[in-house]
Amino acid sequence: MFNIGWSELLVIGIVALLVIGPKELPGALRTLGQWVTKVRRMASEFQNQFHEAMREAELAELKKEVDEMSAKAQSYARFDPVDDIRKDIENAAGPLPDLDAPTTVTAQSSTAEPAPAPAPVAEPVTPASPAPAPEAAEAAPIAPPVQAVEAEPAPGEGTVSGPPKPDAGRAA
């Protein structure tokens, strides 16, 4: 601690013997030893208290980390990706309608004439199927192929582009 070697210690002993004297030297060394013991004990107590405070600080820090981890684990236990996405969308675009609630449909009254029925659609022509194998030919007769016939629109019908336009000559 003080970096004192044997030669320096011998010099200190000789000076103490000359100053204190040979009769009182053993009592002085005993008192010096008691003081050194007290100083060491106090240093040891201070060091122990310091280490205990460090352990308490570490324990408090560890307890804080454990509490944070348990809170995070509880948040993972209540993981709801749909709710998270809904919250993100609401934050970006505003409130969303509730999709789970029943919806009501209201009928709108219209004064416009109903649209005419669409023109009939011709069925597609299917090519003739290949000749069946000889064994299958006896089991199922082949039906003649059906050809589609284009239906011509009736007079007055044609391409419908909307309700009839009012005459341009009539005054409103």
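This is a predicted model: local features need pLDDT of at least 70, side-chain atom pairs count only at pLDDT 80 or more; totals for chains, interfaces and linings use all residues.
I started with charged pairs and counted two salt bridges.

Side chains of opposite charge can pair when their charged atoms come close. I wanted to see where that happens here.

**Pair one**

Which residue forms a salt bridge with D67? I found K63, with the closest N and O atoms 3.3 Å apart. Both residues sit in helix α2, which covers residues 25-77. I checked exposure next: K63 has 54% relative accessibility, so I noted K63 as exposed. D67 comes to 38%, so D67 went down as partly exposed.

**Pair two**

I moved on to helix α3, residues 81-93, where K87 and D83 are four residues apart, or about one helical turn. These two form a salt bridge as well, and their closest N and O atoms are 3.4 Å apart.

**Stepping back**

Then I looked at the whole protein. I counted four helices and zero strands, and from the N terminus the order reads α-α-α-α.

How much of the protein counts as buried? My note says 2% of the 172 residues. For the accessible surface I wrote down about 17000 Å². Carbon and sulfur atoms account for 62% of that surface.

Technical notes
Residues are numbered from 1 along each chain as its sequence is written. Side-chain values use heavy atoms; hydrogens and water are left out. Helices (H or I, at least four residues) and strands (E, at least two) are DSSP runs, numbered from the N terminus. Buried means under 20% relative accessible area, exposed over 50%, partly exposed in between (1.4 Å probe, protein chains only). Accessible areas come from the Shrake-Rupley method with a 1.4 Å probe; for residues, only the protein chains shown count as cover. A salt bridge is a side-chain nitrogen of Lys or Arg within 4 Å of a carboxyl oxygen of Asp or Glu.
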